[in-house]
Amino acid sequence: MYSIKINFLAALIFIGTAFFSGCGKDEAPNGSPASTTVEKVVFTEGFYNLEKGPNDLSWRWMGDAGSVKLKNFRKDSVLKFVAEVPMRYFPTPPSITITLNGQKLEQFTATPGRIEKIYNISAAQLGGADYADLKISTDKTFVPKEVEKNSTDPRKLGVQLDDLAWDSK
């Protein structure tokens, strides 16, 4: 009888912990991956699954355009964009455009190596919705199996996104 009460009490604690650990979290926006908690950054369209390499490095490929939902903190925020473009596959460097809620933040020509950009975003630029719409696009893509003889990868790739950090100031 004593062990049944302890097991019952342990089960109640486990269920209560699982239930209350989710309190205070909002639902994710429509079109987001299966998630019941609010994410600061939600990849919605145009991006492939997260890939992992050695030393815990990870990245996410994008085709010619990708859409991301950014949690609206309703105050000034900072967006950090870190990416790479495999320049060897293009005769001329690609152009990359980044827009937020339909307003162009920047259009730039990709450079060899790591591309790091920091954008200071005002609360006004975020608008009134719960999530701001970030769009990233490039004017050039490649298909690995068409440019590398040992590749079987049929995806259309443009930008390798290494990090997209989003925080309030």
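This report walks through a predicted model of a protein, from its overall layout to a few individual residues.

## The overall layout

The protein is built from three helices and nine strands. Followed along the sequence, these elements come in the order α-β-β-β-β-β-β-β-α-β-α-β. The protein has 169 residues, and 35% of them count as buried. Taking contacts between residues at least 6 apart in sequence, 68% join residues at least 24 apart.

The average pLDDT of the protein is 84, and 78% of the residues score at least 70. Residues 1-36 have a pLDDT below 50, and beyond near neighbours in sequence this stretch has 17 contacts in the model. A word of care belongs here: where pLDDT is low, the predicted coordinates should not be read in detail.

## How the strands pair

One place to look is alanine 83, whose bridge partner in strand 7 is isoleucine 115. Strand 4 also runs antiparallel to strand 9, residues 159-168, again with eight bridges. Here serine 77 has serine 168 of strand 9 as its bridge partner.

Strand 8 has pairings of its own. Seven bridges connect strand 8 (residues 131-138) with strand 3, and the two run antiparallel. Within strand 8, serine 137 stands opposite alanine 65. Strand 8 also pairs with strand 5, in the antiparallel sense, over five bridges. In strand 8, isoleucine 136 stands opposite isoleucine 98.

Tryptophan 59 lies in strand 3. Which residues does tryptophan 59 touch, not counting those up to four places away in sequence? They are Asn49, Leu50, Glu51, Lys52, Gly53, Gln160, Leu161 and Asp162. The C-alpha atom of tryptophan 59 is also 7.1 Å from that of aspartate 163, although the two residues are 104 residues apart along the chain.

Arginine 60 belongs to strand 3 as well, which spans residues 58-71. Leaving out residues up to four places away in sequence, arginine 60 touches Phe43, Phe47, Tyr48, Asn49, Leu50, Val159, Gln160 and Leu161.

## Salt bridges

Side chains of opposite charge can pair when their charged atoms come close. This structure holds ten salt bridges. One of them is between glutamate 106 and lysine 117, at 3.0 Å from N to O. This pair links distant parts of the chain, with glutamate 106 in strand 6 (residues 103-109) and lysine 117 in strand 7, eleven residues apart. Glutamate 106 has a relative accessible area of 21%, so this residue is partly exposed.

Another salt bridge joins aspartate 162 to arginine 114, where the closest N and O atoms are 3.9 Å apart. This pair, too, links distant parts of the chain: aspartate 162 is in strand 9 and arginine 114 in strand 7, 48 residues apart. Is aspartate 162 buried or exposed? Its relative accessibility is 17%, so aspartate 162 counts as buried. The side chains of aspartate 139 and lysine 140 also meet in a salt bridge, at 3.7 Å from N to O.

## A closer look at serine 95

Serine 95 sits in strand 5, which covers residues 95-100. With a relative accessible area of 18%, serine 95 is buried. Which residues is serine 95 in contact with, leaving aside its neighbours within four places in sequence? The answer is Gln107, Phe108, Thr109, Ser137, Thr138 and Asp139. Two of these names have come up already: Ser137 stands opposite alanine 65, and Asp139 meets lysine 140 in a salt bridge.

Terms used:
Residues are numbered from 1 along each chain as its sequence is written. This is a predicted model: local features need pLDDT of at least 70, side-chain atom pairs count only at pLDDT 80 or more; totals for chains, interfaces and linings use all residues. Side-chain values use heavy atoms; hydrogens and water are left out. Helices (H or I, at least four residues) and strands (E, at least two) are DSSP runs, numbered from the N terminus. Contact means heavy atoms within 4.5 Å. Two strands pair if DSSP finds at least two bridges between them. pLDDT is the predictor's confidence in each residue, from 0 to 100. Buried means under 20% relative accessible area, exposed over 50%, partly exposed in between (1.4 Å probe, protein chains only). A salt bridge is a side-chain nitrogen of Lys or Arg within 4 Å of a carboxyl oxygen of Asp or Glu.
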